[in-house]
Amino acid sequence: MELGMRINLITLWSFVIFGVTNVITGVVRSTGSVMIPLLITIISLWGIRIPLAYAFVDEYGLDAVWWSFPVGFAISAVAVIFYYAFGKWKQASMGEGIQAMKPAEDKG
C-alpha cells in the first residue's frame, strides 16, 4: 500500500499533462499531419523517459523510473504545444490527392 501511494504521489498528476498532450496531438493528427507527433512521442519515450530512468536508478532507485513519467510527459507536452503553435500542421490536408483526381466518366 505504501509503495502504491508513493507511485501515485509521483506520477498521478502527470497524467493530466499526458491527457492535454493527447488532445493537442489528436487535433494535429486529425489534419493528416502524423509524423511529427509520432516522432515527439518516440523521442519522449526512447530518448527521454527510458534513458532518464536508467541514468538515475542507481541514485534514486525505483523513484527514478516513476519520475521519468512526469518528466517525459512534460517534455512531450512542451514539444507538442510548440508544434501546435508554430508548426506547419495547419497546411496539411488529407484530401489533397483526392481533390486532384477527376471523376470517372459515366459509360452507362
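This is a predicted model: local features need pLDDT of at least 70, side-chain atom pairs count only at pLDDT 80 or more; totals for chains, interfaces and linings use all residues.
**Exercise 1. Find the salt bridge and say which parts of the chain the pair links.**

Start with the count: searching the whole structure turns up one salt bridge. The partners are arginine 6 and aspartate 63, and their closest N and O atoms are 2.4 Å apart. Finally, check the surroundings. Aspartate 63 comes in at 18%, and since buried means under 20%, it counts as buried.

**Exercise 2. Classify two aromatic pairs: phenylalanine 82 with phenylalanine 86, and tyrosine 84 with tryptophan 89.**

The whole structure holds eight aromatic pairs. For phenylalanine 82 and phenylalanine 86, the ring centres are 5.0 Å apart and the planes sit at 50 degrees, so call this pair tilted. These two are four residues apart in helix 4, which means about one helical turn between them.

Now take tyrosine 84 and tryptophan 89: 5.0 Å centre to centre, with 25 degrees between the planes. Planes under 30 degrees apart count as stacked, so that's the label here. Tyrosine 84 is partly exposed at 35%, while tryptophan 89 is buried at 7%.

**Exercise 3. Is serine 14 buried or exposed, and what is it in contact with?**

Serine 14 lies in helix 2 (residues 14-30). Its relative accessibility is 0%, so it's buried. Leaving aside neighbours within four places in sequence, its contacts are Phe69, Pro70 and Phe73.

How values were computed. Residues are numbered from 1 along each chain as its sequence is written. Side-chain values use heavy atoms; hydrogens and water are left out. Buried means under 20% relative accessible area, exposed over 50%, partly exposed in between (1.4 Å probe, protein chains only). Contact means heavy atoms within 4.5 Å. A salt bridge is a side-chain nitrogen of Lys or Arg within 4 Å of a carboxyl oxygen of Asp or Glu. Rings of Phe, Tyr and Trp (its six-membered ring) pair if their centres lie within 6.5 Å; planes under 30 degrees apart count as stacked, over 60 as edge-to-face and the rest as tilted.
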